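Here's a quick tour of one model, with the sequence and the fold side by side.

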Amino acid sequence: MTSATPPRILLIVGGGIAAYKSLELIRLIKKGGMDVRVVLTEAAQSFVTPLSAGALSGDKVYTDLFDLTDEAEMGHITLSRQAELVVVAPATANLMSKLAAGQSDDLATTLLLATDKPVLMAPAMNVRMWHHPATQRNLKTLQGDKVLFVGPGEGDMACGEFGLGRMSEPDAIFAAIQTALKPKTQPLKGRHVLITAGPTFEPLDPVRGITNRSSGKQGYAIAAAAAQAGAQVTLVSGPVSLTTPDGVTRIDVETAQQMFEAVHAHLPADVFIGVAAVGDWRAKTIARDKQKKGEGDELSVTLVKNPDILASVGKHETLRPRLVIGFAAETRNVEVYGQTKLRTKGADAIMANDVSKDVFDADTTNMILIDASGPTSGRHMTKTEAAADLIHYIAAKLT
């Protein structure tokens, strides 16, 4: 592929309500200077027409395996081999199942079996379908076959339910396409990267507790990017509903104390990235039984400080990683508070995050990197893009 030849994407659109997002994805691919050919499954045509997809792609849209003109020249083989990347969005439970089982009974599945190029899937389905053991088995099979995944995300669904299974937004899928097309250099090969992600949960009694708003998406995106860069990645995760990135060792914890102990148990590391939204406080005493409302209108709880994980790593006398990076979620004075955290925690850099806008459950973020050189200019980006930028920064610092 030369600079004069734009990358070609083969986009397979599955039959789900999220198929309407494929039109925006086509637009982003074209805007990004790439060519795109579109395949619509029979079910997808209930949501997206060949006319609309063709108008945006500027190319013929393919729907039928037994198109005599194309198949006289083995068109399904040509389509599957001419692209640099095959993208399935939405990737329904049915499409995932068929590819995992090696079935090929229509154009889309035949292309997926015939291709010798990387495949990137963006799953989209009902939350119960996503968590079904069969779907999770298929996911593991496909990951073992080196199929790439972006998402799914968590949120409201067309069926009225809420949970994991929403297709990632088009900009996040496009960022994953860009990552998949980059040369597979591994600047972090041989490095151990230790990451925390998600919230912590501090129990008050067997039912109630104190937690922070965090989906874990940013930490998991960074873990995935670090693994793709060749690092040995240990991910210490609070309670989230996310799939462990390929090549990542995940340690599940609940409380801040458990996260503190897990982090120190997995030192030494070359890099520590504290992304988790760790609770600053915990209840001094945890009630043995569920606390009833009783007669009063108030409940007093004595809180004590949790251990400071970032500072404990940043100021470790013997096992301090070569690079320590913390995150600061702020609603105001983002740069000022980020610089204060940089000074007081013993960190080499702080990713200051403006969370005054919709960030926690979104696929996008507002990030400023602050180190000894000062703050970078903040910008709105996908969490996948933020992860890629951070890994690039880390690789440069370690060379």
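Let's start with K146: at 64% relative accessibility, K146 counts as exposed (buried means under 20% relative accessible area, exposed over 50%, partly exposed in between, with a 1.4 Å probe and protein chains only). K146 sits in the loop between α8 and β6, and its phi is positive, about 70°, although K146 is not a glycine. N333 has a positive phi too, about 45°, and is likewise not a glycine. Look for N333 in the loop between β17 (323–330) and α13 (334–344); with 39% relative accessibility, N333 counts as partly exposed.

Now for the cis peptide bonds. One runs from A89 to P90, with omega near 0°, and P90 belongs to strand β4. Another joins L267 and P268, with omega about 10°; P268 is in the loop between α11 (256–265) and β14 (271–274).

## Ground rules

This is a predicted model, so to speak with conditions attached: local features need pLDDT of at least 70, side-chain atom pairs count only at pLDDT 80 or more, and totals for chains, interfaces and linings use all residues. Residues are numbered from 1 along each chain as its sequence is written, and side-chain values use heavy atoms, leaving out hydrogens and water.

Helices (H or I, at least four residues) and strands (E, at least two) are DSSP runs, numbered from the N terminus.

## The six-stranded sheet

Six strands form an open sheet in the order β3-β2-β1-β4-β5-β6, with parallel pairing (two strands pair if DSSP finds at least two bridges between them). β3 (61–62) and β6 (148–149) are at the edges with a single partner strand each, so one side of each has no neighbour in the sheet.

Further in, β1 (residues 8–13) and β2 (residues 35–40) pair in the parallel sense over six bridges. V13 is opposite L40 in β2. Helix α1 (residues 21–31) lies across β1, β2 and β4 (85–91), running at about 160° to β2; axes are lines fitted to C-alpha atoms, for helices over the stretch in contact, and angles run from 0 to 180 degrees between N-to-C directions.

The axes of α5 (residues 93–101) and α8 (residues 133–144) come within 9 Å and cross at roughly 50°, so α5 and α8 are oblique to each other (under 35 degrees counts as roughly parallel, over 145 as roughly antiparallel, 65 to 115 as roughly perpendicular and the rest as oblique). M96, S97, L99 and A100 of α5 meet T135, N138, L139, T141 and L142 of α8, where contact means heavy atoms within 4.5 Å.

For α10 (residues 217–228) and α14 (residues 383–398), the axes come within 8 Å, again crossing at roughly 50°. On the α10 side the contact is made by K217, Q218, A221, I222, A225 and A226, and on the α14 side by K383, T384, A386, A387, L390 and I391.

## Two side chains to click on

Setting aside neighbours within four places in sequence, Q143 is in contact with F149, T243, T244 and D246.

R282 lies in strand β15 (residues 281–283) and, at 29% relative accessibility, counts as partly exposed. Not counting residues up to four places away in sequence, R282 touches E202, T302, L303, V304, K305, N306 and P307.
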